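Here is a short tour of one chain, meant to be read with the model open beside you. Please have a look at the structure first.

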Amino acid sequence: MSHPVNFDQKIADLEAELLEVREAKEAFGALSDDRQLAISLHEILCHWNHTDGCSWHYEMDNGKHRWDNQAHSSYLKKAQAMIKQLKIYRSRI
Ligand SMILES: [Zn+2]
């Protein structure tokens, strides 16, 4: 009699997901500060469907961001403007 829960399959699925999250974390950490901030700004500010609404997901190739595309370049410009303002602010204190 087999158990209704396939423990080995569940463990394999979770291990695969864990690997995926670790790789995503490493790829994020390898990005420049302005690109990391652009991704965070998109997650915080964009309330569209990211495929048909803002096109962010259309601008991805196998997990790689295409920064010269419209949605990505728009958020990258916002991030760079924020970093520039922060540097100006810091230089005054
Ligand atoms: Zn979006």
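Ser91 counts as exposed because it has 7 C-beta neighbours inside 10 Å; the classes are buried at 20 or more other C-beta atoms within 10 Å of a residue's own, exposed at 12 or fewer, and partly exposed in between, with C-beta atoms placed from the backbone. Ser91 is found in helix α3, where helices are DSSP runs of H or I with at least four residues, strands are runs of E with at least two, and both are numbered from the N terminus. Between the C-alpha atoms of Ser91 and Phe28 there are 28 Å, and the two residues are 63 apart along the chain.

This is a predicted model, in which local features need pLDDT of at least 70 and side-chain atom pairs count only at pLDDT 80 or more, while totals for chains, interfaces and linings use all residues. Residues are numbered from 1 along each chain as its sequence is written.

## Helix α1

Helix α1 covers residues 7-29, 23 residues in total. From first C-alpha to last it reaches 33 Å, close to the expected 33 Å, a span defined as 1.5 Å times one less than the number of residues.

## Where α2 meets α3

The axes of helix α2 (residues 33-45) and helix α3 (residues 70-92) come within 8 Å and cross at roughly 115°. Axes here are lines fitted to C-alpha atoms over the stretch in contact, with angles running from 0 to 180 degrees between N-to-C directions. That makes α2 roughly perpendicular to α3, a label for angles of 65 to 115 degrees; under 35 is roughly parallel, over 145 roughly antiparallel, and the rest oblique.

Among the residues making the contact are Leu37, Ala38 and Leu41 of α2, along with Tyr75, Leu76 and Ile83 of α3; contact means C-beta atoms, placed from the backbone, within 7 Å.

## Two positive phi angles

Most residues other than glycine have a negative phi. Ser55, not a glycine, has a positive phi of about 75°. Ser55 lies in the loop between α2 and β1 (60-61) and, with 17 C-beta neighbours inside 10 Å, counts as partly exposed.

Asn62 also has a positive phi, near 50°. Asn62 sits in the loop between β1 and β2 (64-65). Is Asn62 buried or exposed? With 4 C-beta neighbours inside 10 Å, Asn62 counts as exposed.

Key
Contact = placed C-beta atoms within 7 Å.
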